Amino acid sequence: MFAFIINVIIILIVMKVFFKFMYPKPPKAFFAQAGDDTSLRRCAHCGHELATYRGILLVDGVEVTKKTDDTPDTANELFFCNDEHRQGFFAERGEKG
Ligand SMILES: [Zn+2]
């Protein structure tokens, strides 16, 4: 019985070390910083939902890092996961983004 328990404990320790090595914590820059817009938006190209600060937000064709209160609600907003999806979106429409 003692050997069994010792084995389980050793396996648990090895697994914990293994998982720490296999799945390291993402760098701090990947997490939301104070003041980042964490509201969810849907990518206009692939339809994937992403927090606003992780993607590219275009208001009237101009890239903004954060939507300000004085931005009119009627402004034409487009959101993309990344630059590739932005280019893909405009390429589909034959426009240049
Ligand atoms: Zn996308």
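Here is a walk through this predicted model, from the overall layout to the zinc site and the residues around it.

Some ground rules first: residue numbers start from 1 along each chain as its sequence is written. Since the model is predicted, local features need pLDDT of at least 70 and side-chain atom pairs count only at pLDDT 80 or more, while totals for chains, interfaces and linings use all residues, and side-chain values rest on heavy atoms, with hydrogens and water left out.

Let's start with the big picture. The chain has two helices and five strands, taken as DSSP runs numbered from the N terminus (helices are H or I with at least four residues, strands are E with at least two). Along the sequence the order is α-β-β-β-β-β-α. Of the 97 residues, 22% count as buried, meaning under 20% relative accessible area, with exposed over 50% and partly exposed in between (1.4 Å probe, protein chains only). The chain exposes about 7900 Å², and 60% of that comes from carbon and sulfur atoms; these areas come from the Shrake-Rupley method with a 1.4 Å probe, and for residues only the protein chains shown count as cover.

In the model, residues 6-23 are 94% helix and 0% strand, with the end C-alpha atoms 26 Å apart.

Now for the metal. The zinc ion takes its protein donors from Cys43 (SG), Cys46 (SG), Cys81 (SG) and His85 (ND1), at 1.8 to 2.3 Å. Donors here are N, O and S atoms within 2.8 Å of the metal (3.2 Å for Na, K and Ca); water is not among the atoms, so sites may look incomplete. The four donor atoms subtend angles of 99 to 125 degrees around the zinc ion, which makes the arrangement tetrahedral; for four donors, that label requires all angles to lie between 85 and 135 degrees. For reference, the ideal angle for four tetrahedral donors is 109.5 degrees. Along the chain, the zinc donors are spaced C-x2-C-x34-C-x3-H. Cysteine 46 sits in the loop between strand E1 (40-42) and strand E2 (49-51), and histidine 85 in helix H2 (residues 83-92), so the pair ties together parts 39 residues apart in sequence. Cysteine 46 is partly exposed, at 39% relative accessible area.

Histidine 45 is in that loop between E1 and E2 too, and it is partly exposed at 29% relative accessibility. Leaving aside neighbours within four places in sequence, histidine 45 is in contact (heavy atoms within 4.5 Å) with Phe80, His85, Gly88, Phe89 and Glu92. A polar atom of the histidine 45 side chain lies 3.4 Å from the backbone nitrogen of phenylalanine 89.

His85, Arg86, Gly88, Phe89 and Phe90 are its buried residues, and the buried residues of H2 pack against E3, E4 and strand E5 (77-80). At the start of H2, a side-chain oxygen of asparagine 82 comes within 3.2 Å of the backbone nitrogen of glutamate 84. After H2 comes glycine 94, with a positive phi near 70 degrees.

Arginine 41, in strand E1, is buried at 17% relative accessible area. Its side chain makes a polar contact of 3.0 Å with that of threonine 52. Such a contact is a pair of N or O atoms within 3.5 Å; within protein, one must be able to donate a hydrogen and the other to accept it, and residues adjacent in sequence count only if both atoms are side-chain atoms. Aspartate 60, in the loop between strand E3 (56-59) and strand E4 (62-64), has a positive phi of about 55 degrees although it is not a glycine.

How values were computed
Tetrahedral: all angles 85-135°; square planar, octahedral: opposite > 155°, others 65-115°.
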